[in-house]
Amino acid sequence: MEELSREELIALVLRLREANVVLEGRVRRLERQASRNSGNSSMPPSSDDLPGRARPAPRRAKGSGRKRGKQPGAKGNAMPWVGAPDEWVPHRPRGRCGCGSDLADAQDVGVERSHQVHDLPEVHIKVSQHDVYRVRCGCGAEHLGWLPGEVSTAPTSYGVNLKTLTVYLLVYQHVPVQRCVQLIADLCGGAGPSDGFVHGMLSRCAAAVAEVVSMIKALITMAHVVGFDETTLRCGPAGQKKYVLSASTQNATIYHLGGRDLDSFAEAGILPSFAGVAVHDRYSNYFHRRWENLAGHQACNSHLLRDFADADEAYPGAHWPAQAQRALRALIRAWHTARENGLAEIARDIRDPLILEFRRAIRVGLAQVPQVPGPRHTTAQHPGRDLLEFCRDREDDVLRFCLDTRIWPTNNISERDLRPTKTQQKISGRLTSEEVTQDRLDIRSYIDTARKHGADVITALRQAITGNPWKPAVPTPT
């Protein structure tokens with residue numbers, strides 16, 4: 001082996017050091033990527049079970065002093081006693097008395113106790129034949145009867161209840177088309193509908209609720225607080241993906257299929273005219289000047305808490321991530337208490353010390369996590385730096401809920417509303433038709449809004465299919 005000169009050895013060592021720095025950075029990035037989970041990022045909990053993915057550390061439960069199980073005063077779900085049951089089944093004593101008399105001849109004294117059993121009737125298909133008569137008046141003129149609107153002019157067809165069940169299974173219970181066909185076939189004694197009929201019910205029901213969906217959009221646009229969220233959906237040709245955009249209030253929900261771009265946000269129909277407070281996950285499109293009517297923003301504190309948990313893992317010896325989390329969690333608890341007590345804002349003596357604690361945590365974090373020089377949108381920063389700068393520069397958008405209890409501190413309501421979309425994707429895989437997918441989302445908007453108003457899903461769908469869809473009450477202007 002040829003001996004190297006001193007200069008060559010020095011140059012080799014420098015190259016090896018540079019290569020080692022690059023490899024160390026790569027290892028840190030890979031380890032950080034593998035450590036991402038639902039506890040320190042926006043990844044869903046379902047991704048925690050993926051191979052090679054580290055599960056979030058279990059949170060230590062703090063004792064509340066309450067026993068496990070149902071708490072005193074909590075609402076129960078017992079079956080109600082029905083005043084007029086559909087059937088009475090008597091249970092009389094049988095056999096003979098000790099004296100030898102037949103108990104069938106014994107005199108009634110009264111009902112000792114009653115028990116009601118709630119059950120479904122045995123399911124079987126009911127076929128109704130509609131005969132259209134022709135009659136002749138005494139003057140000789142003939143007249144023809146007519147079918148009601150819910151009856152098809154075809155020789156045979158499915159009735160309203162089966163059509164309702166089809167849409168209910170597809171959209172609300174996420175049953176695949178083939179299984180939906182098989183279920184209806186079993187109910188009908190072996191003769192099931194075609195796949196085309198099942199798919200066709202989606203477009204027919206979506207058309208029936210189109211007016212209500214427009215009304216829901218208008219009601220959400222007029223709301224004081226709206227939660228916005230988005231999630232990916234495998235839809236359209238293979239290799240492509242779409243986004244489901246949602247807008248939610250406590251009484252209404254709307255979904256739109258599109259992209260994660262400004263035009264799709266505008267096409268969803270809420271943000272261009274919305275003049276309230278938008279609760280969201282800090283995605284940059286929500287802060288765009290295109291939405292000139294917005295009254296303000298509220299960053300989802302659930303996302304912030306997960307990001308601070310990630311910073312805590314990135315900097316094990318630092319105290320500021322835990323301090324920021326502690327302050328935010330205390331503010332959220334104070335918001336719940338103030339809201340339950342009917343207060344317009346969190347009391348100053350409670351919120352001010354917590355806000356000060358949060359500010360100090362951000363200042364310490366900014367001092368300990370240096371900024372990487374370079375163009376803002378192309379330079380990767382150290383973990384947590386972007387989070388700290390956001391909390392410093394947009395403190396009002398982080399803590400707006402402290403001064404108005406109508407504003408939610410988290411966007412959990414929107415995440416709950418979007419969750420069934422991911423369930424549908426897991427069951428159905430790729431949804432090939434964008435048009436049919438939007439039909440599903442329109443029906444889901446109708447269903448979720450009806451549920452938030454306490455309406456029964458089956459009843460609301462039946463009303464839509466019969467041409468008289470459920471409609472939300474329009475609030476009285478104040």
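In what follows, a cavity is a set of grid points where a 1.4 Å probe fits but cannot get out, and its lining residues have an atom within 4 Å of a point. The structure described here is a predicted model.

**Enclosed cavities**

Rolling a probe the size of a water molecule over the atoms shows where empty space is left. In this model the count comes to 2 cavities of 30 Å³ or more. The second largest cavity is lined by 13 residues, and Phe228, Leu245, Ser246, Phe265 and Ala268 lie nearest its centre. Strands β3 (225-233), β4 (242-248) and β5 (253-258) are the elements that each give two or more residues to this lining.

The largest cavity likewise has 13 lining residues, with Thr421, Gln424, Arg440, Leu441 and Arg444 closest to its centre. Here the elements that give two or more residues are the helices α12 (412-428) and α13 (434-452). Helix α12 provides the largest share of that lining, 5 residues.

| Cavity | Volume | Lining residues by class |
|---|---|---|
| Largest | about 140 Å³ | 5 nonpolar, 5 polar, 3 charged |

In soluble globular proteins, nonpolar side chains tend to be buried together. The largest nonpolar core of this model has 51 residues, and those with the most contacts inside it are Ile220, Phe228, Ile443, Tyr446, Ile447 and Leu461. Helix α2 (residues 160-172) contributes the most to this core, namely 7 residues. Beyond its neighbours within four places in sequence, Ile447 is in contact with Val171, Tyr172, Val457 and Leu461. Apart from this core lies another, of 38 residues, including Leu304, Leu305, Leu366 and Ile413.

Helix α3 (residues 177-187) has as its buried residues Val177, Cys180, Val181, Ile184 and Ala185. These residues are on the same side of α3, because they cover an arc of only 135° around the axis. An α-helix has 3.6 residues a turn, so residues three or four places apart point the same way. The cover over the buried residues of α3 includes α2 and α4 (195-208). On the face turned away from the buried side, α3 carries the exposed residues Gln178, Arg179 and Asp186. After α3 comes Gly189, with a positive phi near 80°.

**Individual residues**

Two residues other than glycine also have a positive phi. His174, in the loop between α2 and α3, has a phi near 60°. His174 counts as buried because its relative accessibility is 11%, and the cut-off for buried is under 20%. Arg282 has a phi near 75° and is found in the loop between β6 (277-280) and β7 (296-299). With a relative accessible area of 22%, Arg282 is partly exposed.

Asn20 lies in helix α1 (residues 6-34) and is partly exposed, at a relative accessible area of 41%. From C-alpha to C-alpha, Asn20 and Glu340 are 57 Å apart in space, and they are 320 residues apart in sequence.

Notes:
Residues are numbered from 1 along each chain as its sequence is written. This is a predicted model: local features need pLDDT of at least 70, side-chain atom pairs count only at pLDDT 80 or more; totals for chains, interfaces and linings use all residues. Side-chain values use heavy atoms; hydrogens and water are left out. A nonpolar core is a set of buried Ala, Val, Leu, Ile, Met, Phe, Trp, Tyr and Cys residues joined through side-chain atoms within 4.5 Å. Buried means under 20% relative accessible area, exposed over 50%, partly exposed in between (1.4 Å probe, protein chains only). Helices (H or I, at least four residues) and strands (E, at least two) are DSSP runs, numbered from the N terminus. Contact means heavy atoms within 4.5 Å. On a 1 Å grid over the protein atoms alone, a cavity is a set of points where a 1.4 Å probe fits but cannot get out, and a pocket is an open set with protein on both sides within 12 Å along at least five of seven lines; lining residues have an atom within 4 Å of a point. Grid points are joined across faces, edges and corners, and a volume is the space filled by probe spheres set on the points. Ala, Val, Leu, Ile, Met, Phe, Trp, Tyr, Cys and Pro count as nonpolar, Asp, Glu, Lys and Arg as charged, and the others, Gly among them, as polar. The arc is that of the directions from the helix axis to the C-beta atoms.
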